[in-house]
Amino acid sequence: MLLKLSDPVRWSACGSCFLKDQCYARHNAQTFADPDAGPRVRSRLHQLYALTHLRGRMHITLRDLRSALAYTLTSGRNCTDIHQLYQDGTRQEILGSYYFSSWLGPERGNDRLLAELRQVDVASAPAPALDRRLDYTGPHDGSALAVFAGRGDYDHALLRRTHEELERSAAPTPEQVAEHQWYLAAARRRFYFESLDGERAARMLPYRSAQRFLDVLGAPERLPELLPELITAINRGEGLLEPGAMGADLVLQIRRITGATIRSYRVFPASHLSLSGSGAPQSPYIEEAADSLTLNYRGPLGHRASLRIRLDTFELLERLRGGYLPSLAEQQGLHLGLAIFKNALSSAPYQEVLLTTNGREPHRVRRENDGRLVMERTAAPREEELS
């Protein structure tokens with residue numbers, strides 16, 4: 001669809017326009033249609049749309065796509081409007097119409113897909129090293145960017161002029177800070193799309209685990225390898241600082257009590273858990289792919305429960321597994337899904353609980369078949385076992 005919209009045949013009339021070397025709309029079309037560098041830019045734009053889809057906040061229709069891509073190319077202006085913009089508009093308005101900024105849509109727009117795309121803005125992820133270089137070196141950052149045959153560089157000229165006019169002070173005013181932030185956002189977005197370093201561009205995504213999530217969805221045979229990692233992440237989120245002491249079993253805190261000195265957990269053996277992809281095609285006549293994971297529990301007596309893991313939840317679980325401490329808002333978002341999962345598991349019969357005072361060195365309490373209660377300390381894995 002993007003190739004059809006940017007087909008040079010559709011833009012042939014621009015060759016006689018006196019703004020042809022400065023027009024952002026022609027610049028955008030030439031970027032996407034370029035036979036050499038165009039595929040890289042289109043691929044990175046496609047990745048941002050894929051992230052929006054995997055978040056699962058809306059169902060993207062063809063009408064949504066046409067509207068969003070058309071705005072990316074033209075910013076909703078016809079030729080008369082563009083000429084008026086270059087006559088009376090500000091530099092920020094012109095720069096904001098280049099594709100590396102216009103793909104986000106207007107700041108207060110009503111387009112629902114463009115509003116969702118703003119949530120995956122590559123300029124929102126922290127990148128202090130890149131920001132420092134862009135702010136002091138300039139929009140080129142000293143790095144290699146893609147070369148587009150026949151395309152002008154008016155966007156770079158505007159960014160360079162903006163960079164040169166930035167006020168620098170030991171105690172900047174709020175207006176000066178806002179100017180720096182605006183310039184850095186535009187320069188970072190352009191760098192993401194046109195940088196020749198694909199790995200560096202991937203690190204600019206607001207979801208660090210996005211590529212892994214896509215890889216797992218596309219390779220169902222890897223799901224059994226991912227299951228123990230997700231269990232470890234959930235155990236960390238439940239307050240266990242050494243989840244490895246539980247082996248591969250899943251634990252969920254029974255009840256959170258303010259000021260309590262002992263925390264209790266229910267234990268669910270890993271043998272009763274499985275991981276599968278969701279959203280796979282149900283018919284050979286429908287083009288569809290898995291867009292989420294489902295953690296399934298099937299108890300020995302047939303009890304079932306499931307937790308659907310979309311991109312946002314997967315990202316947070318990956319951070320938890322690495323020792324990240326989520327904010328209160330993130331905890332509420334994650335625990336909402338976990339709370340439903342825990343409620344579904346609460347009615348399942350169980351014979352074992354876990355007790356701990358500090359999140360480490362837990363004790364297991366289990367009921368034997370003859371009714372006896374047995375408590376034993378769970379030893380944490382040794383360093384050589386972890387390695």
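Biologist: How many cavities of 30 Å³ or more does a search of the whole structure find?

Modeller: It turns up 1. Before we go on, this is a predicted model, where local features need pLDDT of at least 70 and side-chain atom pairs count only at pLDDT 80 or more, while totals for chains, interfaces and linings use all residues. Residues are numbered from 1 along each chain as its sequence is written, and side-chain values use heavy atoms, with hydrogens and water left out.

Biologist: What makes a space a cavity rather than a pocket?

Modeller: On a 1 Å grid over the protein atoms alone, a cavity is a set of points where a 1.4 Å probe fits but cannot get out, whereas a pocket is an open set with protein on both sides within 12 Å along at least five of seven lines. Points are joined across faces, edges and corners, and the volume is the space filled by probe spheres set on them.

Biologist: Which residues line the largest cavity?

Modeller: Lining residues have an atom within 4 Å of a point. Among them are Lys20, Asp21, His27, Tyr98 and Arg151. Helix H2 (24–33) and helix H10 (154–164) each supply at least two; helices here are DSSP runs (H or I, at least four residues) and strands are too (E, at least two), numbered from the N terminus.

Biologist: And which helix gives the largest share of the lining of the largest pocket?

Modeller: H3, with 9 residues. The lining has 28 residues in total, and His46, Tyr49, Ala50, His53 and Leu65 lie nearest the centre of the pocket.

Biologist: Why is the pair of tryptophan 103 and phenylalanine 193 called edge-to-face?

Modeller: Rings of Phe, Tyr and Trp (its six-membered ring) pair if their centres lie within 6.5 Å; planes under 30 degrees apart count as stacked, over 60 as edge-to-face and the rest as tilted. These centres are 6.1 Å apart and the planes stand at 75°, so edge-to-face is the label. Tryptophan 103 is in the loop between helix H7 (99–102) and helix H8 (112–117), and phenylalanine 193 is in helix H11 (residues 174–194), 90 residues apart. The structure holds 10 aromatic pairs, and both of these residues belong to one aromatic cluster, along with others including Tyr24 and Phe32.

Biologist: What is leucine 338 in contact with, leaving aside its neighbours within four places in sequence?

Modeller: Contact means heavy atoms within 4.5 Å, and leucine 338 has Ile234, Glu238 and Leu307. Leucine 338 is in helix H16 (residues 328–346).

Biologist: Why say that the charged end of arginine 168 sits over the ring of tyrosine 136?

Modeller: The test wants NZ of Lys or CZ of Arg within 6 Å of the ring centre and within 35 degrees of the ring normal. Arginine 168 is listed as sitting over that ring, 5.1 Å from the centre.

Biologist: Where does pLDDT stay under 50?

Modeller: Over residues 381–387, which have 3 contacts beyond four places in sequence. pLDDT is the predictor's confidence in each residue, from 0 to 100. The protein averages 86, and 92% of the residues score at least 70. Where pLDDT is low, the predicted coordinates should not be read in detail.
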